[in-house]
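Good morning, colleagues. Please take a moment to look at the structure on the screen, and I shall then go through several of its residues in turn.

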Amino acid sequence: QPFSPFFKLNFSFSLLQEYKVSNFEQRLMSEIEFRLERTPVEESDDEVQHDDVPTGKCIAPIFDKKLKNFRAMEGVPVTFSCKLVGIPVPKVYWFKDGKQILKKDIRYKKVREGDGTCSLHIESTTSDEDGNYTIMAANPQGRISCSGHLIVQTGPPRHRLTPIHSQRVRARIQEVEGEPTQERFFRPHFLQAPGDMMAHEGRLCRLDCKVSGLPNPELMWLVNGKPIYSDIYHRMLVRENGIHSLVIDPLTKKDSGTYTCIASNKAGQSSFNLELTVMEKERKHPPHFAEKLQNIGIPEGAPVRLECRVMGVPPPVIFWKKDNESIPRTKDRISMTQDGSGYVCLLIQPTRKDDAGWYTVSAKNEAGIVSCTSRLDIYAQWHQSIPAPMKKTPRAGSRYAALTGQGLDLKSIFPSSDSGPILFSSSPPEASLESEEL
């Protein structure tokens, strides 16, 4: 009697199953990947070709989907499949137990699809196909790899010891005997990454990121797909809190572009991209005073403003001094203000006698420094009640001269000899006027 569809489905599922490898098996695969990514390989047999000098936006290969681990009965077909992305399109290399699988090996069929899916198909598995399978993707920006393990069983699983390498046997015996288990691995993961940035030419730029992973990942920086190496303009720093930084100082227009940071360790890799735009160098102008401080005198207790206007690019930082000693911003009764128009003011409210002195304001930016000084005098309050001095008239030699100076015409009072007789006293008129004054 033929098998029912349900029985066929369950039977085929039992012939090929996914499984989770042990920590030790994972370590073996990671070590193979680590070695392959750093050793020469024979030319890939796919049709992808790379230019000697890549142009445009470039990204190192990244796996969107990785290989799986399978347990299969002998004679069952098995397909390892993954999906990767990268610019330019990466070349692909397949390996079994660290040895490259070439096109002439007819046991394996390699398939590559337009969406980035890459597959290695085994039509009929035998015990010879048992082992680790690794795919490595490479372009001018870097290499990346991942692995899957295949266990081929020749009889019922419950009656067969799984074929494994002697190293794995020794590791499992050590675990049974209570010896320490193998170290675990974790692929890198970015906990903090910068976004697109804009910065001025000639200034310092720092790109900060934080990444986790076990063992500690190694970081590589690329700009427009080309690796960045430490030199007098580029520095790679690692701080105690785990922050990795790429420092560019000073920035130039050619530093604009797409920056890629790739973190890799034995368990895998991770990356991020950002766009850095470098704007034209800011033109700098040293500070200069459009309006300077003025000398001023005020009565004690009244408020006073020492004002000026200073210009500069970038906007200058303002410092105040009194009698050549810095004035702290937290000093009582004194406040300092500055606005975007260049207006600068030192307000003292209320004033005291000891506020009198020489005040200096200094303006400083990256292009230079400038200063100006003025005098502040504080008058006592009683100066306000003293009237202005009266204008004094010069003292005349006689009363007649004094009266005449005030506009009085004495000749019109006394008739002349033409109009009538003139009476004379015993003393001259001038003498009698002087005596009246006395």
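Predicted model: local features only at pLDDT ≥ 70, side-chain atom pairs only at ≥ 80, totals over all residues.

Leaving aside residues up to four places away in sequence, His 244 is in contact with Leu 207, Asp 208, Cys 209, Val 211, Leu 219, Leu 237 and Val 238. His 244 itself belongs to strand S17, which covers residues 243–248. Is this histidine, His 244, buried or exposed? Its relative accessibility is 16%, and because the cut-off for a buried residue is under 20%, His 244 counts as buried.

Let me turn to the aromatic residues. How many aromatic pairs are there? The count comes to five. One of them joins Phe 70 and Phe 80 in an edge-to-face arrangement, with 5.5 Å from centre to centre and 65 degrees between the planes. This pair links distant parts of the chain, since Phe 70 sits in strand S3 (residues 70–73) and Phe 80 in strand S4 (residues 78–87), ten residues apart. Both partners are buried: Phe 70 has a relative accessible area of 11%, and for Phe 80 the value is 0%.

A further pair is made by Trp 221 and Phe 272. Their ring centres are 6.0 Å apart and their planes stand at 85 degrees, so this pair is edge-to-face. Trp 221 is found in strand S14 (residues 218–223) and Phe 272 in strand S19 (residues 268–279), so the pair ties together parts of the chain that lie 51 residues apart in sequence. Trp 221 counts as buried at 3% relative accessibility, and Phe 272 is likewise buried, with a relative accessible area of 11%.

Where does Asp 339 lie? It is placed in the loop between strand S25 (334–338) and strand S26 (343–348). With a relative accessible area of 38%, Asp 339 is partly exposed, whereas His 244 is buried. The side chain of Asp 339 makes a polar contact of 2.7 Å with the side chain of Ser 341. Finally, the C-alpha atom of Asp 339 is separated by 9.7 Å from that of Arg 309, a residue 30 positions away along the chain.

Thank you for your attention.

Terms used. Residues numbered from 1 in each chain as written. Heavy atoms only, no water. Helix = DSSP H or I, 4+ residues; strand = E, 2+ residues; numbered from the N terminus. Buried < 20%, exposed > 50% of the residue type's maximum accessible area, 1.4 Å probe, protein only. Polar contact = N/O pair within 3.5 Å; in protein donor to acceptor, adjacent residues only side chain to side chain. Phe/Tyr/Trp six-rings, centres within 6.5 Å; stacked < 30°, edge-to-face > 60°. Contact = heavy atoms within 4.5 Å.
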